[in-house]
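Let's take a look at the aromatic rings and the nonpolar core of this protein. Keep the structure open while you read.

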Amino acid sequence: MRWLIPAAGLVALSSGCDVPSEFLQRMEVQAKYEYYEESDFWADGRAMRTPPTGTIPRERFSKLPELKDPVARQVALTGRANGQPTPHIPVTVDRELLTLGQKKYNIVCSQCHGVLGDGNSVVAENMALRLPPSLLELESKPAGHFYTAINEGYGVMPSFSGELDVRERWAVVAYVRTLQEARNTRTAGQPVPQENR
């Protein structure tokens, strides 16, 4: 009887295994609703439903208790105020936030932008396309510029919103601001440092 199983496989192969693609790729063709699409299933006609009690949203603001105002929350979430990058960091900047920013910057950002934010790193030296910029030279950019770059990606840099939550993104921005202030502070008579790239 053991010969029967391979024989059945050979018969299936010889018949061409003509399996409809709908069967193999059913996740692509499964019934689903798009955002704001109407539904005949629910009495109110809406496909979008209120999340069940206890559901935790990915962009949870419990780590940002100072953002109770909806406008401030929107600025913190998008990095934009009135459609423009916000000039200010909308969360409280303290030692705890800077320590978090330093930790996350060193883990996520320094491989390309360098530990000092000057764009000098082993990864940057081996990039064939566009080198990551020195963050120290972007001091005139508003805080929201850096946040949106982290949140949405910029040029060849992908979004890091999956690696950093909202508080961590602003923590990185605050740390980058600290790097910029520390490296760009000049005293009278101090020579301008030579860039090695």
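Is Phe41 buried or exposed? With a relative accessible area of 66%, Phe41 is exposed, because anything over 50% gets that label. Keep in mind that this is a predicted model.

## Rings that pair up

The aromatic pairs here number three. In one of them, the ring centres of Phe41 and Trp42 sit 5.0 Å apart with planes at 85°, so this pair is edge-to-face. Trp42 is partly exposed, its relative accessible area being 37%.

Now find Tyr147 and Trp170. Their ring centres are 4.3 Å apart and their planes meet at 15°, so this pair counts as stacked. The pair ties together distant parts of the chain, with Tyr147 in helix H7 (residues 143–152) and Trp170 in helix H8 (residues 166–184), 23 residues apart. Tyr147 and Trp170 are both buried.

## The nonpolar core

In soluble globular proteins, nonpolar side chains tend to be buried together. In this model, the largest nonpolar core has 24 residues. Trp170 turns up again here, among the residues with the most contacts inside the core, along with Val91, Tyr105, Val172, Val173 and Val176.

Which elements give two or more residues to this core? They are helix H5 (95–113), H7 and H8. H8 supplies the largest share, nine residues.

Zoom in on Val91 to finish. Leaving out residues up to four places away in sequence, Val91 touches Leu64, Glu66, Leu67, Leu97 and Trp170.

Key. Residues are numbered from 1 along each chain as its sequence is written. This is a predicted model: local features need pLDDT of at least 70, side-chain atom pairs count only at pLDDT 80 or more; totals for chains, interfaces and linings use all residues. Side-chain values use heavy atoms; hydrogens and water are left out. Rings of Phe, Tyr and Trp (its six-membered ring) pair if their centres lie within 6.5 Å; planes under 30 degrees apart count as stacked, over 60 as edge-to-face and the rest as tilted. Buried means under 20% relative accessible area, exposed over 50%, partly exposed in between (1.4 Å probe, protein chains only). Helices (H or I, at least four residues) and strands (E, at least two) are DSSP runs, numbered from the N terminus. A nonpolar core is a set of buried Ala, Val, Leu, Ile, Met, Phe, Trp, Tyr and Cys residues joined through side-chain atoms within 4.5 Å. Contact means heavy atoms within 4.5 Å.
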